[in-house]
Amino acid sequence: YKLSVSPEMDIMEYCRKEWRGNTPAAKRMRKGYEAVAQKFASIRRIRGDNYCAFRATLFQALSQATQLPRWLQSEDFTMLPENLLSKYDWIKQWQLRQKPGKRMGEISDEIKEYLILLRKKWKNISEIKGPLEKQEACDKLFKNEEEEYSLYEALKFLMLNTAIELYNADKSGRRVPVFSWLLFARDTSSNPCQLMHNHLNHIGHSGGLEQVEMFLLAYALQYTIQVYRLYKYSTDEFITLYPNDPEEDWPVVTLITEDDRHYNIPVRMCQETML
């Protein structure tokens, strides 16, 4: 059994263990970790399956949540699967984790349950006042495999909903963020239906999130995802923001990646950074 989120470890100690050699790559990684260590004291490793971008982002969001996001409060939030299905028949081909071939009537109810679970967990954790208790609640949630993967299904469905909104906005001549053009400029996702078939249905099974899908995740959650991309150390892409022109009032979560495929999380902000 693998832990979803490992206990924290000193960032530089972790770096020395992982990057011992004297290759240019190892030197760059060490420099990158040194830069992160200016801001954060520890790192927590994230379990490396194809859900790691979801896991790292959601864990960070929940562990610092102090209120329920606006979009989670809306009345019709849990009606999303029914509403979308009434307009888009192709959503019947949505691929549920470990449940291929389910009929969409059942899938609609199931996704609704996942959305309700997401709202409930977010609400419960955000109401915990003490930082230690909050951390314990997050650790406990990410040890419950059934619940954890249900939350990722909810996130995937929210990404699909966001993609549909952006696609329709663009088609009706409204302004959309640049990443939305890039998302639908791919041969494999020229519309939301293709995006679902060729990308979202595969996340967690045969692949993780691509760069452009990190933007979509950020928009779906209305969070800014700040990523230290260690292999880009000393370039202007070392710290990348998704989206790169975030809304003022979006909370920020921070992740670390060595290769844009696997994500870990930095924790414990250094005191001087906080001041």
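Predicted model: local features only at pLDDT ≥ 70, side-chain atom pairs only at ≥ 80, totals over all residues.
Colleague: Which element gives the most residues to the lining of the largest pocket?

Modeller: The largest pocket holds about 690 Å³ of space, and 21 residues line it. Strand S2 (40-44), helix H3 (52-63), helix H7 (131-141), strand S5 (252-257) and strand S6 (263-269) each supply at least two residues of that lining. The element that gives the most, with six residues, is H7.

Colleague: Which helix gives the most to the lining of the second largest pocket?

Modeller: The second largest pocket contains about 540 Å³ of space and is lined by 25 residues. Two or more of the lining residues come from each of helix H5 (80-87), helix H8 (145-171) and helix H11 (211-221). With eight residues, the helix that gives the most is H8.

Colleague: How many residues of the lining of the second largest pocket are nonpolar?

Modeller: Leu80, Asn161, Thr162, Glu165 and Gln222 lie nearest the centre of the second largest pocket. Its lining also includes six polar and five charged residues. The number of nonpolar residues in this lining is 14.

Colleague: Which strands are the edge strands of the open sheet?

Modeller: The open sheet has six strands in the order S1-S2-S6-S5-S3-S4, and its pairing is mixed. An edge strand here pairs on one side only.

Colleague: In S6, which residue is the bridge partner of Ile43?

Modeller: Strands of a sheet pair through backbone hydrogen bonds, either parallel or antiparallel. S2 and S6 are paired in the antiparallel sense, over four bridges. Phe40 stands opposite Met269 in S6. For Ile43, the bridge partner in S6 is Pro266.

Colleague: Why is S6 largely enclosed by the rest of the structure?

Modeller: A residue is called buried when its relative accessible area is under 20%. S6 has seven residues, and it is largely enclosed because the number of them that are buried is five.

Colleague: Which residue in the turn of the hairpin of S5 and S6 has a positive phi?

Modeller: S5 and S6 run antiparallel and are joined by two bridges. Thr257 stands opposite Tyr263 in S6. The hairpin has five residues between its two strands, and the turn residue with a positive phi, of about 65°, is Asp260.

Colleague: What is the geometry of the aromatic pair that Trp71 and Trp122 form?

Modeller: This pair belongs to a structure in which 19 aromatic pairs are found. The ring centres of Trp71 and Trp122 are 5.9 Å apart, and the angle between the planes is 80°. Planes over 60 degrees apart count as edge-to-face, so the geometry of the pair is edge-to-face.

Colleague: How many residues apart in sequence are the parts that the pair of Trp71 and Trp122 ties together?

Modeller: Trp71 is buried, at 14% relative accessible area, and Trp122 is buried as well, at 0%. Trp71 lies in helix H4 (residues 70-73), whereas Trp122 lies in helix H6 (residues 104-126). The pair therefore ties together parts whose separation in sequence is 51 residues.

Colleague: Which residues are linked with Arg229 in a network of salt bridges?

Modeller: The whole structure has 18 salt bridges. One of them joins Glu237 to Arg229. The residues linked with Arg229 in the network are Lys232, Glu237 and Asp260.

Conventions. Residues numbered from 1 in each chain as written. Heavy atoms only, no water. 1 Å grid on protein atoms, 1.4 Å probe; cavity = no way out; pocket = protein on both sides within 12 Å on 5 of 7 lines; lining within 4 Å. Points joined across faces, edges and corners; volume = space filled by probe spheres on them. Nonpolar A, V, L, I, M, F, W, Y, C, P; charged D, E, K, R; others polar. Phe/Tyr/Trp six-rings, centres within 6.5 Å; stacked < 30°, edge-to-face > 60°. Buried < 20%, exposed > 50% of the residue type's maximum accessible area, 1.4 Å probe, protein only. Pairing = 2+ DSSP bridges. Salt bridge = Lys/Arg side-chain N within 4 Å of Asp/Glu carboxyl O.
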